[in-house]
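Q: I'm new to this one. Could you walk me through how to read it, feature by feature?

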Amino acid sequence: MYRRVVGLALSGLLLVICSEIVHGSIHEYIDGAFLPQGNAFFFYGGSEGLYSSMSTDNRTGIDNGKSFIKFDSITLRRTQESASKHDEMEHSTGLIEAVIFETKDRYKISGNPYDGATALCCTPDLAKLEGCKQGEIIVHRSADEPNWPRCIPFVFQGNNLEAKTQPDTIYITKSGMYNIYFMFCDPQLKGTIINGRTVWKNPTGYLPGRLAPLLKFYGFLSLAYLILGLFWFLQYVRFGNDILQLQNCITAVISLGMLEMTLWYFEYANFNATGRRPMSITTWAITFMAIKKTVSRLLLLVVSMGYGVVRPTLGGITSKVVLLGAIYFVASEALELVENVGNINDVSGRARTFLVLPVAVLDTFFIIWIFTSLTKTLEKLHARKSFAKLNLYRRFTNSLAVAVVLSFALICYELYFRAADPFGEDWGTAWIITAFWNSLSFILLCIICLLWAPSQNATRYAFSEEIGDYFDEEEVTALTSISAKSTMDDSSKQDMEERHTVNTDVFSLGEDIAEDKRE
C-alpha cells in the first residue's frame with residue numbers, strides 16, 4: 001500500500017511535467033536545478049515515446065532501425081561548500097543517479113516506510129526491510145526485465161566540484177513512453193546544477209514517437225491541397241470573366257493551406273533528420289497556420305451571412321468582423337508558438353491553459369455567430385422564394401452541422417483521452433487528434449469549393465439590387481455544375497445586362513443605404 005502511495009506521488013510529478021514535455025529529441029540542460037521530492041532531490045530530464053529498435057546490424061544513417069537514449073556530455077557541478085567538506089583523497093563523496101524508466105513502471109521507483117511517507121531514497125529501516133543500499137534511489141526490478149528501470153551513476157571524487165560520466169547509449173528494445181530523472185539523496189549536494197544533453201532517437205529518425213506519423217500525414221495532405229489547387233486553378237482560368245470576390249477569398253485559403261502543409265512537412269523532415277526544430281521554418285509554418293485558420297473562419301462567417309447573395313456589403317459590422325479576426329489570429333499564433341517552439345520546462349501547465357482558453361472561447365463565438373447568420377440567411381432566401389440559392393445554402397448548412405457534430409465528438413474524445421491517460425502512455429495514437437482537425441478543415445474547404453466553384457453562371461448568385469432573387473429554380477443552373485450550359489441565349493443575357501446591374505463585389509466595405517433599410 002505504501003509503495004502505491006509513493007508511486008502516486010511520483011505520478012504527480014509526471015503529471016505536472018507532462019505539459020512541459022518538449023517536442024524535441026535533443027534535450028539540453030543548462031544550469032538545471034534539483035527540486036526536493038519526499039526524501040530525495042530530482043531534476044526532470046525529459047520524456048518521449050520511443051518505438052523498439054527494428055535492427056541490430058551496423059547500418060548507418062538516420063533510418064538505421066535503431067532506437068536509443070544517449071547521454072552526451074552530462075556534467076554535474078556541486079557547490080564549493082559541499083566540496084570543501086571532503087578531502088581530495090576520498091574516493092566517493094557524492095552520488096547522483098540518472099533513472100530511466102517507462103511511465104508504466106513508475107511504481108517501481110519507491111520504498112515502503114513504516115509511516116507511509118514518500119520515500120524515494122533508501123533509509124536504514126528500508127535497507128533492512130527491502131535490502132536496498134542506504135543512500136541510493138530505490139528501484140525495484142522485475143524478473144522478466146532485470147535491467148529495467150536503468151540507473152546510471154554520477155560519482156563525485158574527493159573534493160572535486162564536478163562529476164561526469166563517459167557518453168553512454170541505452171538501446172530501446174520495447175516500445176513505450178520513457179522518462180529520465182536525475183536524483184540524489186545526500187542533502188549535502190543541495191544546490192547542485194546540471195549541464196549537458198541527452199539525445200533520443202526512434203528507428204526512423206529523431207522525431208518523437210507521438211509526432212513521427214505526422215511526417216507522412218503532412219506529406220499526404222500537401223499533395224491533397226496541390227490537387228485541390230490545380231482543380232480550382234483550372235476552373236478559375238476557364239471562367240475568369242465570371243469570378244466573384246468570394247471565390248478570390250477561397251483561392252487565398254487554398255494557397256495558405258498549401259503553403260502551411262508544405263512548411264510543416266519540411267519542418268518535420270528537418271526535425272527528423274537533425275533532432276532540432278529550425279526556428280525559422282517552425283515560425284513561418286505557425287504563422288501561415290494562424291493566418292489560414294483565421295481566414296477560414298472569416299470565410300465561413302461571411303458565407304453564412306450571405307454576402308453577395310442576400311446582402312451586398314458588410315455595412316456597419318465590418319469593423320467587428322475584422323476585430324474578431326485580428327484577435328483570433330493573435331491568440332492562435334501565441335498558442336501555437338508556445339506548443340511548437342518550446343524547450344524543456346519552457347511553460348507550465350497553467351500558462352498553456354491560459355493560452356488555450358481564449359482560442360476555445362473565440363471558436364465558440366465563431367460557431368454561434370455562423371449558425372445565427374445562417375438561420376437569418378435561410379429565412380431571407382425562403383421569404384424571397386430563391387429556391388436555387390436556398391438549396392445551395394441548405395447543403396452548406398448541413399455540411400457545416402455535420403462538421404460541428406464531429407468536432408464536438410472529437411473534443412469529448414480528447415478530453416477523455418487526456419483524463420484517462422494523463423501520463424501519455426497511449427502516445428502512439430496522440431497524432432490522430434492533430435490529423436483529424438487538419439483533415440476536417442480540408443474537407444470543409446473542399447465542400448465550399450464544390451458549392452462555390454467558378455462557372456459561367458457564378459454571377460447569377462451575386463446580389464442584384466434591382467431584380468432581387470426572382471429567378472425560378474428551373475431557370476438557374478446549380479453552381480456546382482461546372483460544365484452546365486447557359487439557359488439564356490446571348491441576346492437575352494445582353495438584354496438583362498442592359499436592364500440590371502449585378503454587384504459581384506461581395507466584400508465591398510462601403511455603406512449601402514438600401515441594404516441598411518432592408519436590414
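A: Let's begin with a cysteine. C185 is buried, at a relative accessible area of 12%; buried means under 20% relative accessible area, exposed over 50%, and partly exposed in between, with a 1.4 Å probe and protein chains only. Keep in mind that this is a predicted model: local features need pLDDT of at least 70, side-chain atom pairs count only at pLDDT 80 or more, and totals for chains, interfaces and linings use all residues. Residues are numbered from 1 along each chain as its sequence is written, and side-chain values use heavy atoms, with hydrogens and water left out.

Q: Which cysteine does C185 form a disulfide with?

A: In general, a disulfide is a covalent bond between the sulfur atoms of two cysteines. The rule used here asks for a pair of cysteine sulfur atoms within 2.5 Å, and the count comes to one disulfide. C185 is joined to C121, with the sulfur atoms 2.0 Å apart. The S-S torsion of C121 and C185 is about -95°, so the disulfide is left-handed. C121 sits in the loop between strand 5 (94–102) and helix 3 (124–130), and C185 in the loop between strand 9 (176–184) and strand 10 (193–201), so the bond ties together parts 64 residues apart in sequence. Helices (H or I, at least four residues) and strands (E, at least two) are DSSP runs, numbered from the N terminus. C121 is buried too, at 3%.

Q: How do I read a strand, say strand 5?

A: In a regular strand the side chains alternate between the two faces of the sheet. In strand 5, G94, I96, A98, I100 and E102 are on one side and L95, E97, V99 and F101 on the other, and all are buried. Nine of the nine residues are buried, so strand 5 is largely enclosed by the rest of the structure.

Q: Which strands pair with strand 5?

A: Two strands pair if DSSP finds at least two bridges between them. Strand 5 runs antiparallel to strand 6 (residues 150–156) over seven bridges, with E97 opposite P153. Strand 5 is also antiparallel to strand 9, over six bridges, and there E102 has Y178 as its bridge partner.

Q: Are the rings of F101 and Y181 stacked or edge-to-face?

A: A pair of aromatic rings is described by the distance of the centres and the angle of the planes. Rings of Phe, Tyr and Trp (its six-membered ring) pair if their centres lie within 6.5 Å; planes under 30 degrees apart are stacked, over 60 edge-to-face, and the rest tilted. There are 27 aromatic pairs by this rule. F101 and Y181 have centres 5.6 Å apart and planes at 15°, so they are stacked. This pair links strand 5 with strand 9, 80 residues apart.

Q: How far can I trust the model?

A: Where pLDDT is low, the predicted coordinates should not be read in detail. pLDDT is the predictor's confidence in each residue, from 0 to 100. The protein averages 76, and 76% of the residues score at least 70. Helix 4 (residues 212–238) has the highest confidence, at 92, and helix 12 (residues 513–518) the lowest, at a mean of 39. Over residues 465–519 the pLDDT is below 50.

Definitions and conventions
Contact = heavy atoms within 4.5 Å.
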